[in-house]
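Open the model in your viewer and colour it by chain. We will walk through it one selection at a time.

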Amino acid sequence: MNNALFKTVISRSEMISCALCKDAPCTKACGKMDPAGILRSIWFENEKGAAARLPESMPCTLCAAPCEKSCVRAGEVPVKKLMERLYGEVKPVLDMDAPEHEDRLKTELCGIPMENPFLLSSSVVASTYDMCDRAFEAGWGGVSFKTICSFDIHEASPRYAALSGDNGNIIGFKNIEQLSDHSVAENMEIFRRLKEKHPTKFILASIMGQNEEEWEELARLCGENGADAVELNFSCPNMMEDGLGSDIGQVPELVERFTRAAKRGTKIPVLAKLTPNVAVMSPAAEAAKRGGADGIAAINTIKSLIGVNPHTYVTAPAVHGRSAVGGYSGKAVKPIALRFIAEMGQNPAIKGLHISAMGGIESWMDALEFILLGANSLQVTTAVMQYGYRIIDDLKAGLNYYLAEKGFKSVQDAVGLALDSVSDSTDVIERDTVIFPKFLREMCIGCGRCEISCADGGHQAIRLNEERQPLFDGKKCVGCHLCVLVCPQKAIISGGKRFTKVH
Amino acid sequence: MLNIEKEKNGNEVQYRLEGRLDMNQAMTLENELKEDLETADKLIFDLKDLIYISSAGLRIMLFAHKSMMQKGGMVIRNVTPEVQQIFDITCFSDLLNIE
């Protein structure tokens with residue numbers, strides 16, 4: 001009965017044909033409510049926030065659903081049914097209305113106040129005055145401005161490639177883009193204008209130097225021109241004598257030296273942005289701290305190749321028959337990013353440093369995962385490239401609703417709460433009991449995918465009978481739950497109860 | 001509404017909860033628990049007459065559970081089907097010591 005309070009009722013797959021249109025025709029056709037906004041909330045896991053802001057009485061009952069007919073994929077998105085389900089299954093069980101304020105989201109970055117913990121990360125999404133201005137208007141708490149440097153920047157075309165899910169959405173994203181192509185002076189003017197118009201928004205200035213003098217000078221200029229803090233982009237190639245082939249972020253001595261140089265240049269806080277292209281991140285993080293860093297930002301993109309063309313044998317994106325190793329980002333990298341953030345969160349040697357986390361954040365639940373593992377602020381690019389600045393609506397509303405519902409007074413109270421459950425090795429895990437799967441007969445369609453996976457990837461404990469119903473052999477089952485993950489119907493769940501293994 | 005009955009047996013404290021542990025009541029329980037989490041050795045929750053536990057209530061339970069882990073532990077007894085269902089969905093069943 002209260003299921004809707006504790007787990008998602010409507011999954012993204014039920015509205016997978018929704019194109020999340022700009023100026024959506026469904027909302028224009030409706031006139032009574034904003035179905036496009038509601039659908040977007042469902043897409044970004046903010047179903048409760050959507051239900052909480054529905055009009056008091058449902059306008060859909062006697063409606064002929066012009067929303068569905070006006071849809072750019074007319075008839076493919078069950079808008080009316082989804083609204084009815086929100087009214088019927090979610091809205092009635094909600095514990096509370098939409099919170100009246102967003103004060104819970106207020107936080108700070110190295111002592112400087114932020115309206116909310118969400119920043120655009122350093123990339124094209126935060127690369128001009130106009131873009132940052134629009135992002136601030138949309139509700140972002142800050143930006144990490146695209147990396148400023150004195151290199152000569154010339155970009156390639158095309159410069160992106162993607163790993164797509166079965167519905168065409170981007171899951172993993174690779175780029176071979178470089179740094180800001182504005183001059184340092186141009187970027188400083190952008191900072192001044194942004195700060196003038198948006199004094200309460202956070203400007204984190206990403207910089208990259210080629211030697212100590214440059215790191216120091218860029219940090220100084222950013223501090224003098226309105227930046228609130230500096231982020232050191234250490235994912236540049238190491239041009240020092242003996243470090244050929246590696247990035248600065250992979251060499252702790254250089255991280256320390258250049259952090260110290262940047263700190264010499266400015267009094268504003270300095271974050272070291274670290275690379276995930278290492279076995280462990282702690283040596284670089286501890287080096288940054290020794291150099292005087294006030295915080296860590298992670299993860300930068302992961303070195304990757306994607307899509308080898310079977311005819312030209314060139315990987316993507318191909319530029320005149322050539323391509324290059326590039327940075328991988330997006331939802332697919334989130335588990336890797338979470339692991340590094342937990343490593344930072346658990347490391348007592350860098351306790352007290354601000355952790356600005358990124359890597360695959362799309363929804364407020366992604367953001368929450370990072371917060372629970374120790375993140376103090378959150379950065380996003382890939383999801384913004386795919387969906388636009390507007391995703392901030394559900395990032396803020398969803399997180400705010402969760403915090404209010406859980407009884408947290410501030411987002412800061414949730415930081416790091418998951419860290420005590422994370423172990424570096426699997427040795428500490430209890431191994432004397434099993435939880436069997438439970439088959440929900442009413443949802444099973446008899447496809448037999450559980451039998452196939454259990455037979456070929458498990459322990460041969462499931463067999464379909466003649467009515468195509470799965471029969472379960474508790475003597476063979478080891479409780480691995482592969483079937484739970486594989487079932488296309490979500491008709492297999494955890495049985496919940498542990499049994500001691502019989503040896 | 002939530003009724004909280006408390007019984008101390010030496011270093012062991014038993015809480016009997018009756019009614020609904022909703023968002024507001026979770027705060028009441030949190031305040032009530034504060035001292036016992038410091039001083040008690042073992043906590044027992046008798047949930048025989050508890051018919052609802054909110055997300056905020058779960059947070060308090062988890063906090064209490066973690067606080068007692070280094071000591072004599074926390075035990076949950078007499079869970080109603082309504083609350084058991086919530087414990088199951090949220091995976092609390094596999095985390096708390098439910099008798």
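How many salt bridges are there between chain B and chain A? The count is two. Keep in mind that this is a predicted model.

**Stop 1: a salt bridge.** Select B:D94 and A:R498. These residues form a salt bridge. Their closest N and O atoms are 2.5 Å apart. Now look for polar contacts too. Eight residue pairs are in polar contact between chain B and chain A, counting pairs with both residues at pLDDT 80 or more.

**Stop 2: the chain B side.** Select β3 (42–53), α2 (55–69) and α3 (81–89) of chain B. Each of them supplies at least two residues of the side that touches chain A. Which element gives the largest share of that side? Pick α2(B): five residues come from it. Next, colour the side of chain B that touches chain A by residue class. You will find eight nonpolar, four polar and four charged residues there.

**Stop 3: the whole contact.** Select the touching residues on both chains. Chain B brings 16 residues and chain A brings 17 residues. The size of an interface is often given as the accessible area lost when the parts come together. Between chain B and chain A, the buried area is about 1,500 Å². Carbon and sulfur atoms give 54% of that area.

**Stop 4: chain A by domain.** Colour three ranges of chain A. Domain 1 covers 3–93, domain 2 covers 103–421 and domain 3 covers 429–500. Finish with domain 1 and domain 3 of chain A. Their C-alpha centres lie 33 Å apart.

Technical notes: Residues numbered from 1 in each chain as written. Chains lettered and ligands numbered in written order. Predicted model: local features only at pLDDT ≥ 70, side-chain atom pairs only at ≥ 80, totals over all residues. Heavy atoms only, no water. Contact = heavy atoms within 4.5 Å. Buried area = accessible area lost by both parts, 1.4 Å probe. Salt bridge = Lys/Arg side-chain N within 4 Å of Asp/Glu carboxyl O. Polar contact = N/O pair within 3.5 Å; in protein donor to acceptor, adjacent residues only side chain to side chain. Helix = DSSP H or I, 4+ residues; strand = E, 2+ residues; numbered from the N terminus. Nonpolar A, V, L, I, M, F, W, Y, C, P; charged D, E, K, R; others polar. Domains from an automatic or database assignment.
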